[in-house]
Amino acid sequence: QVQLVESGGGLVQAGGSPRLSCAASGSIFSINAMGWYRQAAGKQRELVAAITNSNSTNYADSVKGRFTISRDHAKNTVYLQMNSLKPEDTAVYSCNVDLPLWGNTRRIYWGQGTQVTVSS
């Protein structure tokens with residue numbers, strides 16, 4: 001089985017720069033991609049950032065230039081460096097991992113999420 005555990009969330013002042021981390025463990029032999037999603041109260045979950053095995057990255061327009069995603073391949077860990085936080089960044093942030101299964105198939109696992117609250 002595969003598990004992911006996020007950490008680094010909490011109460012942050014506007015303009016702050018916390019870093020979230022997510023460590024994947026279990027039966028992992030290779031990884032297609034890892035990503036960060038968030039869900040604010042009353043809104044649907046949305047992609048924040050993703051990074052592939054070749055370190056190609058993808059960001060939501062709302063966080064481009066402020067957030068940076070990175071990976072430690074040896075530790076199966078993904079990070080999200082968040083800068084210039086705004087109150088509208090308040091959400092539960094969850095990480096996921098996209099794993100190859102059989103041939104062209106794949107399986108996605110999710111972490112439990114960590115709350116990030118940005119105060120004015």
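What pattern does the chain follow when read along the sequence? The chain follows the pattern β-β-β-β-β-β-β-β-β-β-β, with 0 helices and 11 strands; helices (H or I, at least four residues) and strands (E, at least two) are DSSP runs numbered from the N terminus. The radius of gyration of the chain is 14 Å, close to the 14 Å given by the globule rule for 120 residues, so the chain is as compact as a globular protein of that length. This radius is taken over C-alpha atoms, and the globule rule is 2.2 Å times the number of residues to the power 0.38. The structure is a predicted model, in which local features need pLDDT of at least 70 and side-chain atom pairs count only at pLDDT 80 or more, whereas totals for chains, interfaces and linings use all residues. Residues are numbered from 1 along each chain as its sequence is written, and side-chain values use heavy atoms, with hydrogens and water left out.

Along its principal axes, the C-alpha trace spans about 50 × 25 × 25 Å. The accessible surface of the chain comes to about 6700 Å², and 46% of this surface belongs to carbon and sulfur atoms; accessible areas come from the Shrake-Rupley method with a 1.4 Å probe, and for residues only the protein chains shown count as cover. Of the 120 residues, 40% count as buried. Here buried means under 20% relative accessible area, exposed over 50%, and partly exposed in between (1.4 Å probe, protein chains only). Among contacts (heavy atoms within 4.5 Å) between residues at least 6 apart in sequence, 54% join residues at least 24 apart. The chain carries 11 positive and 7 negative side chains, and the centres of the two sets lie 3 Å apart. In this count Lys and Arg are positive and Asp and Glu negative, while His and the chain ends are not counted; each charge is placed at NZ of Lys, CZ of Arg, CG of Asp or CD of Glu.

The largest nonpolar core has 30 residues, and those with the most contacts inside it are Leu4, Trp36, Leu80 and Tyr93. Two or more residues are given to this core by each of strands E1 (2-7), E3 (19-26), E4, E5 (46-52), E7 (67-72), E8 (77-82), E9 (91-100) and E11 (114-119). E9 gives the most to this core, with 5 residues. A nonpolar core is defined as a set of buried Ala, Val, Leu, Ile, Met, Phe, Trp, Tyr and Cys residues joined through side-chain atoms within 4.5 Å. Leaving aside neighbours within four places in sequence, Leu80 is in contact with Pro18, Arg19, Leu20, Trp36, Val48, Ala49, Phe67, Thr68, Ile69 and Tyr93.

Alanine 33 lies in strand E4 (residues 33-39) and is buried, with a relative accessible area of 19%. Apart from residues up to four places away in sequence, alanine 33 touches Ile51, Thr52, Arg71, Asn96, Val97 and Asp98. Alanine 33 and asparagine 53, 20 residues apart in sequence, are 5.5 Å apart in space, C-alpha to C-alpha. Leucine 11, by contrast, belongs to strand E2 (residues 10-13) and is exposed, at 67% relative accessible area.

Asparagine 55, in the loop between E5 and strand E6 (57-59), has a positive phi of about 70° although it is not a glycine. At 44% relative accessibility, asparagine 55 counts as partly exposed. Asparagine 76, in the loop between E7 and E8, likewise has a positive phi, near 50°, in a residue other than glycine.

The loop between E8 and E9 holds both glutamate 88 and threonine 90. Glutamate 88 counts as exposed, at 56% relative accessibility, and its C-alpha atom is separated by 9.7 Å from that of alanine 14, 74 residues apart along the chain. Threonine 90 counts as partly exposed, at 23%. With neighbours within four places in sequence left aside, threonine 90 is in contact with Ala40, Gln115, Val116, Thr117 and Val118. Threonine 90 and serine 17 are 73 residues apart in sequence and 13 Å apart in space, C-alpha to C-alpha.
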